[in-house]
Amino acid sequence: MSKVILITGCSSGLGREASIQLSQRGYRVFASMRNLKDKEAVQEEARQRGASLDYVQLDVNDNVSVERAVQAVISKAGRIDVLINNAGYGLTGALETVTMEEIQEQYDTNVFGVIRCVQAVLPCMRKQRSGTIINISSVIALTGGPLSSIYASSKFAVEGLTESLVEELAPFGIRVCLIEPGLVLTRFSEENKKTGTRLPYSDNPYREMMEEQTRLFSQLKSSPAAQSAEEAVAAYIEAVEDTSFRLRFQTNPRGSALARRRFVNPNQGVSLK
Ligand code: NAP
């Protein structure tokens, strides 16, 4: 019997690619998205690539939608073997340039969204006495980063949540792990990125830093550090198929080097000046 996988945020990017590649490998994949109108394009691409997906509406910000989606998967497939908490977006801007509403919205999706989905699948996975929960973090949770403190802290929260759940869920046969993608060329850093609006751009003391970051980003985009979703999804597959209880998966060698640095030297990235 093929494993049943539920993935959040499959309208684009890594979620969409992971759905297709996991289906190609024989898994039964429920590709969820908050707007089911986005399904047509995903379905067409999946068809062209010989993949077959089930679709379910799931907005990670909405308790009812999450609960309904999980119940729909259980009633169609009878179980959930893997949950991939992939949905998320990045809020950029210096801390004093983002509004409290923007911060709360970022946490609602990137942190509470993950918690909602984990809570919803746990009764089923506990009953099965098996399951895998894969939370998508970021290399930024290994380093922090200027003009991204809220996004970075949301991913640090996902890391802390995941690490805490490892031992809590192990007695029920449930494995929990993290994927820490590096720069992947998806809608994440373009269309889906949000920027703080607390200060007008003309009166923003961080303008120069922002312009410098935009310049560096455009260089990085065409460097070998930037990956395609097709390539980065190898880490999703590795995490789904892992049997060694590994906690962290990076998508490229640069990410792996950052993780090694972070965990060999706990002060890495902390200025002691
Ligand atoms: P993407 O192309 O922007 O895809 C993000 C997906 O999340 C979209 O399907 C989006 O749906 C969905 N989403 C956002 N809010 C949602 C909500 N409330 N409920 C359900 N779905 C929601 O970006 P991506 O690169 O594939 O990002 C996937 C994950 O990787 C994210 O967690 C991101 O933080 C992480 N990541 C990405 C990078 C990178 O460089 N791309 C690096 C590190 C980590 P809509 O189309 O409806 O907005």
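**Figure 1. Gln21 lies in helix H1 of the predicted model.** Helix H1 comprises residues 13–24, and the model shown here is a predicted one. With a relative accessible area of 15%, Gln21 falls under the 20% cut-off and is therefore classed as buried. Apart from neighbours within four places in sequence, the residues in contact with Gln21 are Arg49, Glu230, Val233 and Ile237.

**Figure 2. Gln128 lies in helix H4.** This helix spans residues 100–128. When neighbours within four places in sequence are set aside, Gln128 is in contact with Arg79, Ile80 and Asp81. Gly173 is 45 residues from Gln128 in sequence, and the C-alpha atoms of Gln128 and Gly173 are 8.6 Å apart in space.

Figure 3. Along the principal axes, the C-alpha atoms occupy a box of roughly 55 × 40 × 35 Å. Of the 273 residues, 48% count as buried. Among contacts between residues at least 6 apart in sequence, 73% link residues at least 24 apart.

Figure 4. The chain carries 32 positive and 31 negative side chains. The centres of these two sets of charges are 4 Å apart.

Key. Residues numbered from 1 in each chain as written. Predicted model: local features only at pLDDT ≥ 70, side-chain atom pairs only at ≥ 80, totals over all residues. Heavy atoms only, no water. Helix = DSSP H or I, 4+ residues; strand = E, 2+ residues; numbered from the N terminus. Buried < 20%, exposed > 50% of the residue type's maximum accessible area, 1.4 Å probe, protein only. Contact = heavy atoms within 4.5 Å. Lys, Arg positive; Asp, Glu negative; His and termini not counted. Charge placed at Lys NZ, Arg CZ, Asp CG, Glu CD.
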